[in-house]
Amino acid sequence: MTDLESFAARLKTLSDGRASTPRVKDGVMTLALDVGGLSAGQRDAVAAAIREGGLTVPGVTDVRIAMTAERKAMRIIAVASGKGGVGKSTLSANLAVALKRMGFSVGLVDADIYGPSQARLMNSEDRKPEARDKRLIPVDSPLGIPMLSMAHLVDPGKALAWRGPMAGNALSQLIDAEWGSAEVLIVDMPPGTGDIQLSMVQKHKPAGAVIVSTPQDLALIDARRAVSLFEQTQVQLIGLVENMAGYSCPHCGGISDPFGAGGAEAAAAQLGMDFLGRIPLAIDIRVRSDAGDPPAAGEGAAGQAFHAVAQKVADWLRA
């Protein structure tokens, strides 16, 4: 094996398989590096490692890397629960924020036509989308994530007395918007497993689904129904998240445990699903969510919990 062939073998590890076969001419090594989905810091670190390694090859005096970001088809990730009130919307918003911080180009759709909440969670209630060629243009949230919700289209507090087909058509307009360079679209699904959910899954074909549940048995019963819906429609299940879990209380020395903990993790094992992580029942999450300041945008403990879940979703996306 030549020195160049030896380095080419090492290159697979240095670049996680993202680099092309290196070529050397007149002392200059050239190669292409796919940086799609990497943050600026990750991109620079990989490039630096490749340059350092390339310069160890005898005869190489310079390493030139052509960075590319091949645009891939946008993939939809449905965040579902089978019922309301389990924190699905909060998880969706923070998942979108965390994935963006990891380098993904992310869009966010609030598919809960009758009870939209993403505009509040993402602090974009005052924004209205425009339309071009009969397609909606998503609004930009303060954190730079393009998004759409019925809350951007109707007056605050107005009830939408729509039958199923009207709601389904409205949802399609949100998902079929002009998402530009977004490679991942997080869809905060409405609660339940009825006509709207089935129509969305069949028409838009999510690449995967994240199921959210609180730890108690009643919530897990409905979560299993959501799992069944995606299994019947052949949508891959990314995993299960336990939300509002009991947590250690640093002030009282005990455990705040109104809903318990561990139920969703046990259910994931029974269902043969990956367990993506546990989000604590913490006042900081509630306060920041009401203020339109997703914890995943910061570095606190709550933000770290969302980032841990997002990291597993990111690993699934890159697999």
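The dialogue below goes from the whole chain to single elements and then to single residues.

Q: What kind of model is this, and how many helices and strands are in the chain?
A: The model is predicted. There are 10 helices and 15 strands in the chain.

Q: What share of the residues is buried?
A: A residue counts as buried when its relative accessible area is under 20%. Of the 319 residues in the chain, 48% are buried. The accessible surface comes to about 15500 Å², and carbon and sulfur atoms hold 50% of that surface.

Q: How many of the contacts link residues 24 or more positions apart?
A: Take the contacts in the chain with a separation of 6 or more: 72% of them are between residues 24 or more positions apart.

Q: How can I check the span of a helix, and what span should H2 have?
A: Compare the expected span with the distance between the end C-alpha atoms. Helix H2 (residues 40–54) has 15 residues, which at 1.5 Å a residue should span 21 Å; the end C-alpha atoms are 21 Å apart, so the two agree. H1 passes the same check, because its 12 residues should span 16 Å and its end C-alpha atoms are 16 Å apart.

Q: Which residues of H2 are buried, and what covers them?
A: The buried residues of H2 are Val46, Ala47, Ile50, Gly53 and Gly54. Their arc around the axis is only 130°, which means that they lie on the same side of H2. Their cover includes helix H1 (3–14), strand E2 (28–34) and strand E3 (62–68).

Q: How do I read burial in a strand? Which residues of E5 lie on each side?
A: In a regular strand, side chains alternate between the two faces of the sheet. Strand E5 (residues 106–110) has 5 of its 5 residues buried. Val106, Leu108 and Asp110 are on one side, Gly107 and Val109 are on the other, and both faces are covered.

Q: Which strands pair with E5, and in what sense?
A: E5 pairs with strand E10 (residues 184–188) in the parallel sense over 5 bridges. In that pair, Val184 of E10 is the bridge partner of Val106. E5 also runs parallel to strand E9 (residues 146–149), joined by 3 bridges. There, Leu108 has Met147 of E9 as its bridge partner.

Q: How do I read a single helix residue? Is Asp222 buried or exposed?
A: Asp222 is in helix H7 (residues 217–232). Its relative accessible area is 16%, so Asp222 is buried. Not counting residues up to four places away in sequence, Asp222 touches Ser81, Gly82 and Lys83. Asp222 and Thr193 are 29 residues apart in sequence, and their C-alpha atoms are 9.1 Å apart.

Q: Where is Ser172, and what is it in contact with?
A: Ser172 is in helix H5 (residues 164–175). With a relative accessible area of 11%, Ser172 is buried. Leaving aside neighbours within four places in sequence, Ser172 is in contact with Lys203 and His204.

Q: What should I look for in the phi angles?
A: Most residues other than glycine have a negative phi. Asp26 has a phi near 55° and is in the loop between E1 and E2. At 74% relative accessibility, Asp26 is exposed. Lys205 has a positive phi of about 50° and is in the loop between helix H6 (195–204) and strand E11 (208–213). Lys205 is also exposed, at 61% relative accessibility.

Technical notes
Residues numbered from 1 in each chain as written. Predicted model: local features only at pLDDT ≥ 70, side-chain atom pairs only at ≥ 80, totals over all residues. Heavy atoms only, no water. Helix = DSSP H or I, 4+ residues; strand = E, 2+ residues; numbered from the N terminus. Buried < 20%, exposed > 50% of the residue type's maximum accessible area, 1.4 Å probe, protein only. Contact = heavy atoms within 4.5 Å. Expected span 1.5 Å × (residues − 1). Arc of directions from axis to C-beta. Areas by Shrake-Rupley, 256 points an atom, 1.4 Å probe, with all protein chains shown as cover. Pairing = 2+ DSSP bridges.
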